[in-house]
Amino acid sequence: VDGSEAKNLGAMHTHFVNACGLDAEGHLSSARDVALMSREILLHHSEVRDYCSVWMDTLRGGATQLVNTNKLLKSYTGITGLKTGTTGEAGSCITATAEREGLSLIAVVLGADSTDHRFQDAAALLDYGFAGWKATVPEAPALEPVPVARGMAPTVEAQVGESPSLLLEAAETGSVETEVLLEELTAPVKAGDVIGTVRYSLGGEVLAEVDITAAGDVEAVTFASALGHLFRGLFAL
């Protein structure tokens, strides 16, 4: 394997010469690259998470017992996987994945001098991440009807898309600024048209933007429609 698939993920310090992971000349990777590959697995092959979260299973009608080598499954809150590995040259290694309150983290430890140390180091990395960072979903702003010029209705109802999940330092979670930017509308307006943006920012840096769309149609005023509207008003008197 020439490593081209790994490089497609941005894993620029990885080169595979076998599929088993055993020591071989030129077979190498890095902690960052392992984290990238682990993220790819979790995002696009979610069934792997199911396999890696099983602590114990049996084969051959119970004659053979299988025990997961990832001891964090029994000791770390929120652990979801992922993979341990040990070779003479690489030492004791682990990719540990965990999720708490909507935040998913990946910790990679390579070259530990013992299995216990790899679990301790992985837990310490995850603890650091969960203590220092939070996944925050800001509340969507309430939107007033938006004025429409030259329309059969003076305004159109507005709706905002799903609020984004923002990765923030724990101390910054209450500092996100929300700004509503609306366009000047002229009829016709169709339901689903983008009529503005909700901008989420922190310290002047834009973190995310979400479209505001029209919730209904507003037809343009024409002579015939204005005349019909006038007649309807007269007959209603």
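**Backbone, helices and pairs**

Tutor: R60 is found in the loop between β1 (56-59) and β2 (64-67). Helices (H or I, at least four residues) and strands (E, at least two) are DSSP runs, numbered from the N terminus.

Student: What ground rules apply here?

Tutor: This is a predicted model: local features need pLDDT of at least 70, side-chain atom pairs count only at pLDDT 80 or more, and totals for chains, interfaces and linings use all residues. Residues are numbered from 1 along each chain as its sequence is written, and side-chain values use heavy atoms, with hydrogens and water left out.

Student: OK, back to R60. What is its phi?

Tutor: Near 55°, a positive value in a residue other than glycine. Most residues other than glycine have a negative phi, and most peptide bonds are trans.

Student: Is R60 buried or exposed?

Tutor: R60 counts as exposed because its relative accessibility is 65%. The classes are: buried under 20% relative accessible area, exposed over 50%, partly exposed in between (1.4 Å probe, protein chains only).

Student: And R150, what about its phi?

Tutor: R150 is not a glycine, yet its phi is positive, about 60°. R150 sits in the loop between β7 (146-149) and β8 (155-156). At 68% relative accessibility, R150 is exposed.

Student: Which peptide bonds are cis?

Tutor: The bond from G81 to L82 is cis, with omega near 20°. L82 lies in strand β3. The bond from A187 to P188 is also cis, with omega near 5°. P188 is in the loop between β12 (185-186) and β13.

Student: Which residues of α4 are buried?

Tutor: R118, F119, A122, A123, L126, G129 and F130. Down the axis of α4, these buried residues fall within an arc of 125°, so they line one face of the helix. The arc is that of the directions from the helix axis to the C-beta atoms.

Student: Y128 is exposed. Which surface patch is Y128 in?

Tutor: A nonpolar one: Y128, W133 and L167, with about 370 Å² of accessible area together. Patches are made of residues with over 30% relative accessible area and no salt bridge; like charges are joined within 9 Å, nonpolar side chains (Val, Leu, Ile, Met, Phe, Trp, Tyr) within 5 Å. Areas come from the Shrake-Rupley method with a 1.4 Å probe; for residues, only the protein chains shown count as cover.

Student: Where is W133?

Tutor: W133 is in strand β6 (residues 133-136). W133 is partly exposed, at 33% relative accessibility.

Student: And α2, which residues are buried there?

Tutor: D33, V34, L36, M37 and S38 are buried in α2. Their cover includes β3, β4 and β5. Helix α2 (residues 31-44) has 14 residues and reaches 20 Å from first C-alpha to last, close to the 20 Å expected.

Student: Now charges. How many salt bridges are there?

Tutor: Three. A salt bridge is a side-chain nitrogen of Lys or Arg within 4 Å of a carboxyl oxygen of Asp or Glu.

Student: Which residue does R32 pair with?

Tutor: D33, at 4.0 Å, N to O. R32 is exposed at 55% relative accessibility, whereas D33 is buried at 0%.

Student: And R49?

Tutor: R49 bridges to E99, with the closest N and O atoms 3.4 Å apart. The pair links distant parts of the chain: R49 in helix α3 (residues 47-52), E99 in strand β4, 50 residues apart.

Student: What about R199?

Tutor: R199 pairs with E209, with the closest N and O atoms 2.7 Å apart. R199 is in strand β13 (residues 194-202) and E209 in strand β14, ten residues apart. R199 is partly exposed at 27%, and E209 is partly exposed at 45%.

How values were computed. Expected span 1.5 Å × (residues − 1). Contact = heavy atoms within 4.5 Å.
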